[in-house]
Amino acid sequence: MPDAEDRILMFHGTSTRHLDAILSRGMLPEPPVRLSALMAAANDKQGNHTASFEGTYMTVSHSLAVSYANSASEHMGGEGVVVAFSVPRADLVPDEDEILFALAVPLAHALGWDSEAAEDLPLEEWTREKATELGRTFASRFGIDDEEVFAKVADCLDRMVSAAVGDDWDRDPALFHPEGNDFGWSSPTWIRKLTSTPEGMALYREQMDAMCRAMAGADPWRYPCDLESCKGRILYPISLAESRRCFIVSVGSPTEPRCHYDNVAALKGDETADVGAFEWLQTKEPASAP
């Protein structure tokens, strides 16, 4: 097993409707049903750019995973359940929603926005030079120090922002105002404009996914903007077998304390282990997945 310093404990909230499938085949990067899709439909949200990308989403915040478990129970039926993972940091791809949220202020500043100004003034033109500078400073805030990553982030940003502003942008500050996220932090105004056409939607999903993948290994404890719900995704199937890759450590109810999950020995059946989460699991009869 790799050095513990290279691994982090992360959580995923779901429903017992899927628990038997998880325990038999692990977690798939393209599950049959995504909670995010059900929640978006229930909330009647606009903008399919919020649909999840490939991979299993997880968070370092146990409390956030609990909230997702409760939402899964509400939308899917069954009881809420929290799955804990041992994750190689190098394999963790940042969550696209949080990338957009963390990008909001730096992008506005790069275009000349001033939060202290008495009035909103027209922004500056977007240029490749701005993309290069922003790509470097933005990625470095995630604990990344790699010229190839900086260049990839800059290229993806340039493609998306250039497409959003087009050739006749009037430099209206409202398009990039950091607080202009009417549908939540993953829906800034410029992204909603970009994804308003099928071509823009395809470009966004391709470039946003590529930018996140390029930033794989970003330290989830150094996410900017003081985020406490740092999330990411793993792009390959995840099993219960201990390995050098991401694997399931434990499973428990939303009421289990976080300390019960940091326990690889319980998964291996060690009788001396503190198996609080597994004691709960053994009393349940998981419902069949739909």
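Predicted model: local features only at pLDDT ≥ 70, side-chain atom pairs only at ≥ 80, totals over all residues.

Strand β1 and strand β3, residues 80-88, pair in the antiparallel sense, and nine bridges join them. At one of these positions, Arg 7 stands opposite Pro 88 of β3.

How many of the nine residues of strand β1 are buried? Nine of the nine, from residue 7 to residue 15, are buried, so β1 is largely enclosed by the rest of the structure. In a regular strand, side chains alternate between the two faces of the sheet. Here Arg 7, Leu 9, Phe 11, Gly 13 and Ser 15 point one way, Ile 8, Met 10, His 12 and Thr 14 point the other way, and all of them are buried.

Strand β2, residues 56-59, is likewise covered on both faces. Thr 56 and Met 58 lie on one side, Tyr 57 and Thr 59 on the other, and all four are buried. The strand pairs with β5, residues 231-234, in the antiparallel sense over four bridges. Within that pairing, the bridge partner of Thr 56 is Ile 234 of β5.

Let me place these strands in the whole chain. The protein chain has 10 helices and six strands. Of its 290 residues, 49% are buried. Among contacts with a separation of 6 or more, 78% join residues 24 or more positions apart.

In soluble globular proteins, nonpolar side chains tend to be buried together. The largest nonpolar core in this model has 40 residues, and those touching the most other members are Leu 107, Phe 138, Phe 176, Trp 190, Met 208, Met 211 and Met 215. Helices α4, α5, α6, α7 and α8 each supply at least two residues of this core. Which of the helices gives the most? It is α6, with nine residues.

Leaving out residues up to four places away in sequence, Phe 138 touches Ile 99, Ala 102, Leu 103, Pro 106, Val 153 and Met 215. There is also a second, separate core of 19 residues, which includes Met 10, Met 58, Ile 234 and Cys 246.

Next, the packing of two helices. The axes of α4 and α8 come within 10 Å and cross at roughly 90°. The two helices are therefore roughly perpendicular to each other. On the α4 side the contact is made by Glu 96, Ile 99 and Leu 100, and on the α8 side by Tyr 204, Met 208, Met 211 and Cys 212.

Apart from neighbours within four places in sequence, Glu 96 is in contact with Ala 51, Ser 52, Phe 53, Tyr 57, Tyr 204, Met 208, Cys 212 and Arg 233.

Finally, consider Lys 152, in helix α6. Its relative accessible area is 36%, so Lys 152 counts as partly exposed, between the limits of 20% and 50%. Beyond its neighbours within four places in sequence, Lys 152 is in contact with Ala 210 and Ala 214. Lys 152 and Met 211 are 59 residues apart in sequence, and their C-alpha atoms are 6.7 Å apart in space.

Terms used. Residues numbered from 1 in each chain as written. Heavy atoms only, no water. Core = buried A, V, L, I, M, F, W, Y, C linked by side-chain atoms within 4.5 Å. Buried < 20%, exposed > 50% of the residue type's maximum accessible area, 1.4 Å probe, protein only. Contact = heavy atoms within 4.5 Å. Axes fitted to C-alpha atoms, helices over the stretch in contact; angles between N-to-C directions. Parallel < 35°, antiparallel > 145°, perpendicular 65-115°, else oblique. Pairing = 2+ DSSP bridges.
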